[in-house]
Amino acid sequence: MAMKLKLLGVRGSRPTHKDAILGYGGNSTSIELELDSDFYLFIDGGSGLVQRGWELTEKPEKSKFHVLISHTHWDHILGFPFFEPLYHPQNKFTFYASNTSRATFTDLFFGLQKSENLPVPQNQLAAHIEFKTILPATPFVIENLVKVSTIQLNHQGVTLGYRIEYRGETMAFISDSAPIDHGNYLGENMPPCSIVNAEFEEQYNRSISKFLAGVHTVVFDTHFSEKNLKPDWGHSTPEKALQFCEMAGTKRLILFHHAPEDTDAVVRQKVEAILLKGLKKGIEIEAAREGDTWLLRSA
Ligand SMILES: [Zn+2]
Ligand SMILES: [Zn+2]
């Protein structure tokens, strides 16, 4: 085993809890990449991260944590103040995030601990915490072992997609991101909205496929369906996710960032609607289920 993908939280927008959604899980976005190395690696810290924090506190095996942030919408960061390892002085954290023109990740992170937001003050965060600002399309390496590539997605602010390569295994995390179509340019530094820029749209779509080329497993935002897609809300659909995977020749697509209102039956339908199409192209398709672990290779 080189790298395993663990789905800690698979829901988008907000955590939710009712019987009809519990098959896939109600916690918001967080994943862990389990490596045979002396550090932990996470992407995003939604409510799915919290339970994992208690497990790590009970059985501390490593003290180094690397955390990649896609963006700072609540559903992706609300678990951090409740992540127990941040309160222990032996732990060392490195957060990797982009900044927007309006706020730095560091300010937003500590803003979570302000008394108007939370009763636990910032000075209780006893771990050593370092922040690294990262940029779209600027790869970097963690601990001389993990290659991380980034791409800006079509979502508000500066939202980063990640491609992770470790000892010959690859995965990508594309969430949150709306399909670009007729002027819905949502990210900072993208062309002005409302003026359709066909050249930019083509170049953006090509850049996503290129980014995913050769990746084995892609975790992709499929919050909407083709029927209820709201192009300005920054989220994609299973059909659009599959199109990118087909163009890139990936082996597996994991539907992710399930809408809070989508029941298990609705999520299942989303998989079944594109399952055969994917199989014909050699792409395995499944929906992200909280608690599942995936090897990044085909059986
Ligand atoms: Zn989200
Ligand atoms: Zn978002």
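# Helix α5 and its surroundings

In this predicted model, the crossing of α5 and α6 is right-handed.

Me: How many residues of the contact of α5 with α6 are charged?
Reply: From α5, the residues P238, E239 and L242 take part, and they meet K270, A273, I274, K277 and G278 of α6. By class, the residues of this contact comprise four nonpolar and one polar, and the number of charged residues is three.

Me: Is E239 buried or exposed, or does it fall in between?
Reply: E239 is a residue of helix α5. A residue is buried at 20 or more C-beta neighbours within 10 Å and exposed at 12 or fewer. E239 has 16 such neighbours inside 10 Å, so this residue counts as partly exposed.

Me: Which residues does E239 touch, leaving aside those up to four places away in sequence?
Reply: The C-alpha atoms of E239 and K270 are separated by 9.0 Å, although these residues are 31 residues apart along the chain. The residues that E239 touches, with those up to four places away not counted, are E226 and I274.

Me: Which elements do the buried residues of α5 pack against?
Reply: The buried residues in α5 are P238, K240, A241, L242, F244 and C245. Just after this helix, G249 takes a positive phi of about 70°. The packing partners of the buried residues of α5 are α4, β11 (217-221), β12 (252-256) and α6.

Me: How many residues of the contact of α4 with α5 are nonpolar?
Reply: α4 passes α5 in a right-handed crossing. I208, S209 and L212 of α4 meet F244, C245, M247 and A248 of α5. Sorted by class, the contact has no charged residue and one polar residue, while the nonpolar residues number six.

Me: Which members of the largest nonpolar core touch the most other members?
Reply: The largest nonpolar core holds 74 residues. V218, for its part, touches A172, I174, L212, C245, T250, R252, L253 and I254, not counting residues up to four places away in sequence. The core residues that touch the most other members are V218, V219 and L253.

Me: Which strands do the buried residues of α1 pack against?
Reply: Helix α1 runs over residues 48-58, and its buried residues are G48, L49, V50, R52 and L56. The strands against which these buried residues pack are β1 (3-9), β2 (30-35) and β3 (39-43).

Me: What distance separates the C-alpha atoms of I129 and N91?
Reply: I129 is placed in strand β6, residues 128-133. With 17 C-beta neighbours inside 10 Å, I129 counts as partly exposed. I129 and N91 are 38 residues apart along the chain, and the separation of their C-alpha atoms is 8.5 Å.

How values were computed: Residues numbered from 1 in each chain as written. Chains lettered and ligands numbered in written order. Predicted model: local features only at pLDDT ≥ 70, side-chain atom pairs only at ≥ 80, totals over all residues. Core = buried A, V, L, I, M, F, W, Y, C linked by C-beta atoms within 7 Å. Contact = placed C-beta atoms within 7 Å. Left-handed = near helix turned anticlockwise from the far one by under 90°. Helix = DSSP H or I, 4+ residues; strand = E, 2+ residues; numbered from the N terminus. Nonpolar A, V, L, I, M, F, W, Y, C, P; charged D, E, K, R; others polar.
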